Amino acid sequence: MTYDRLVCANCAGPVAEGRCRVCRAHRERLQQQGPLGGLSPVALLTLLVLLVAAVALVATHQPA
């Protein structure tokens, strides 16, 4: 989840604005995790399986 849609339980403001120390800490943690940091392990595994399937599909259609 991106922090631009989160609402802080401490100050009730958008986390992206960083109004309080809780907002700023959570925003920093989300930025450090990177784009895939918010995905669940099941979602990451699904993406990996889809990637392997796509590579296998492309490899089978390559002329020798």
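Ala-16 counts as partly exposed because its relative accessibility is 30%, where buried means under 20% relative accessible area, exposed means over 50% and partly exposed lies in between (1.4 Å probe, protein chains only). The structure is a predicted model, in which local features need pLDDT of at least 70 and side-chain atom pairs count only at pLDDT 80 or more, while totals for chains, interfaces and linings use all residues. Residues are numbered from 1 along each chain as its sequence is written, and side-chain values use heavy atoms, with hydrogens and water left out.

The secondary structure of the chain consists of two helices and zero strands, where helices (H or I, at least four residues) and strands (E, at least two) are DSSP runs numbered from the N terminus. Of the 64 residues in the chain, 12% count as buried. The chain exposes about 5200 Å², of which carbon and sulfur atoms supply 64%, with accessible areas taken from the Shrake-Rupley method with a 1.4 Å probe and, for residues, only the protein chains shown counting as cover.

Ala-16 itself is found in the segment before helix 1, which covers residues 21–33. The C-alpha atom of Ala-16 is separated by 6.6 Å from that of Arg-27, although the two residues are eleven apart along the chain. Another pair is formed by Val-22 and Ala-9, which are 13 residues apart along the chain and have C-alpha atoms separated by 8.7 Å. Val-22 has its place in helix 1 and is partly exposed, with a relative accessible area of 35%. Leaving aside neighbours within four places in sequence, Val-22 is in contact (heavy atoms within 4.5 Å) with Cys-8 and Asn-10. In the chain as a whole, residues 24 or more positions apart account for 17% of the contacts with a separation of 6 or more.

The segment before helix 1 also holds Ala-12, which is exposed, with a relative accessible area of 60%. Most residues other than glycine have a negative phi. Ala-12, although not a glycine, has a positive phi of about 65 degrees.

The cysteines deserve a separate look. A disulfide is a covalent bond between the sulfur atoms of two cysteines. With a disulfide taken as a pair of cysteine sulfur atoms within 2.5 Å, the count comes to zero disulfides. Cys-11 is in no disulfide, and the nearest cysteine sulfur, that of Cys-23, is 3.5 Å away. The sulfur of Cys-20 has its closest cysteine sulfur in Cys-23 as well, at 3.6 Å, which is too far for a bond. Cys-11 is partly exposed, with a relative accessible area of 29%, whereas Cys-20 is buried, at 12%.

One of its residues is Val-52, which counts as exposed because its relative accessibility is 52%. Val-52 also belongs to a nonpolar surface patch of about 580 Å², made together with Leu-45, Leu-48, Val-49, Leu-51 and Val-55. Patches are made of residues with over 30% relative accessible area and no salt bridge, with like charges joined within 9 Å and nonpolar side chains (Val, Leu, Ile, Met, Phe, Trp, Tyr) within 5 Å; a salt bridge is a side-chain nitrogen of Lys or Arg within 4 Å of a carboxyl oxygen of Asp or Glu.
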